[in-house]
Each structure stands twice: as C-alpha cells, then as structure tokens.
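Today I wanted to go through the salt bridges in this model. Notes below, as I took them.

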Amino acid sequence: MDFQNRVGSKFGGGGVAGASETNVDRRERLRKLALETIDLAKDPYILRNHLGGLECRLCLTLHTNEGSYLAHTQGKKHQTNLARRAAKDAKDSSLYQAQLAAHQAAVVQANKTPLKSFIKIGSPGYRVTKVRDPITGQLGLLFQVHYPQIKEGVKPRHRFMSSFEQHVEAPNKDWQYVLIAAEPYQTISFRIQAKEIDATEGKSWSHWDLDTKTYSFQFVYA
C-alpha cells in the first residue's frame, strides 16, 4: 500500500494507515498466503455455482472469485464453523464407537448364551375346520393342534409363509402356507389359498390352552 504523503508521516517513509486500510492490507496478505498454501481442489466446502461464483457450503456464503473465498476461509466465521464441525464430528464418532462397542458386547454375550436343544419327537395331532363369519360371511380356517408332550415354558407359535419362501414344493403364486411350531415337535405346515388375510382385530386370533395342551388359531380371508 502507498502510505506516502499522509499526516504524521516522514517524507519518503510512507504514511500512517487508517484502521480500514490496515484491514484491507491484512486481508490481501492473507489471500496471497492462502493462494500459495491452500489447494482448493481438496477443500470439501467449496462449491462452484452455475453463475461462475463460489460458495462456502460450511458457512453458506457467496464469493465472486477464489481470492475472496480464500480470504473468507482465513476469517473468524469460517474458522469458528470449522471448529464446531470438528467438535460435532468427534462427538458423532465417539457415539458411533460407543454404539459399536455395545453391539459387539451384545454379540459376544449372545454367543455365550447356551441355545436350547430339543430332540424332535414327530408331528403333533391336529384338526382343521372351515369357518364362516356369522355377520360378514367371510370364509376362513380354524387350526387346533394338540401338544401333549410340549416342553415346559414353551408356547406354540405360527406364521404365514409365501410360496416363494419355501423350498419343498415348486413356487406357485396361487398358494401360501401356515406354519405352526412348538418344541420338541416337528413344525407342521398347511397350504392355503394366497388370498389377503383380514388383519382386523377380532377376525384372527390364537389361544394356548395349558390344561388340554391344545393350540388354536383361526383366521378369515379379507
């Protein structure tokens, strides 16, 4: 900067710069230094828009050229946001590491837990009855499965299976399966029509009778 011929200055020695001029000079020196030391191609926050300008994705600021952007990166706002981002990344990393450690500990504990082992004793006795809803006339099925030697603490369970999930028969889009299982008995399955099941409360239900050791499950088609 040319500070010559200013009040308070010696002849030939330059003048006394004002505060605004000092700031301009400082920013210019920072810009030149940044141009020499910073590789914009490696800056993750710079974005060139369709108008030819530059944007800082961290601070959401607009800049007309690289010099302006580089001067911004040396400023207080950008440096503060960089520090906040670093702190957030460190916190997220710590949280992820804690979650990962908890998951690994849970996996180790699960591997230590002994699995229940049962000797299969064959298929249970069962009865299947066609039913009709007395009000809507919807058709369905009632399954009653007898488990006289079921293991203590075990409760029968059921689920529906798509024809494309099983590998016993050739897949057929017209059929689906109902599976009912309880240890130590073999799992039994029933092939039914691949129609939508009415999931309305009260339409489908199941009940385990501890006295008779009979598992009942009923559903109706939608």
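These entries go through the charged pairs I looked up, one by one.

**Entry: the overall search.** I am working with a predicted model. How many salt bridges turn up in the whole structure? I got seven from the search. I wrote up some of them here.

**Entry: Asp92 and Lys88.** I found the side chains of Asp92 and Lys88 in a salt bridge, 3.0 Å from N to O. I then checked where they sit: both are in helix α3, residues 76–112, and they are four residues apart, about one turn of the helix. Next I looked up accessibility. Asp92 has a relative accessible area of 36%, so I put it down as partly exposed. Lys88 comes out at 48%, so it also goes down as partly exposed.

**Entry: Glu169 and Arg191.** I have another salt bridge between the side chains of Glu169 and Arg191, at 3.5 Å, N to O. Which parts of the chain does this pair link? I see distant ones: Glu169 is in the loop between β6 (157–162) and β7 (175–181), while Arg191 is in strand β8 (residues 188–193), and the two are 22 residues apart. Glu169 is partly exposed at 37% relative accessibility, and Arg191 is partly exposed at 47%.

**Entry: Lys173 and Asp174.** I also noted a salt bridge from Lys173 to Asp174, with 3.5 Å between the closest N and O atoms. Is Lys173 buried or exposed? I have it as exposed, because its relative accessibility is 64% and the cut-off for exposed is over 50%. Asp174, with a relative accessible area of 46%, is partly exposed.

Terms used. Residues are numbered from 1 along each chain as its sequence is written. This is a predicted model: local features need pLDDT of at least 70, side-chain atom pairs count only at pLDDT 80 or more; totals for chains, interfaces and linings use all residues. Side-chain values use heavy atoms; hydrogens and water are left out. A salt bridge is a side-chain nitrogen of Lys or Arg within 4 Å of a carboxyl oxygen of Asp or Glu. Buried means under 20% relative accessible area, exposed over 50%, partly exposed in between (1.4 Å probe, protein chains only).
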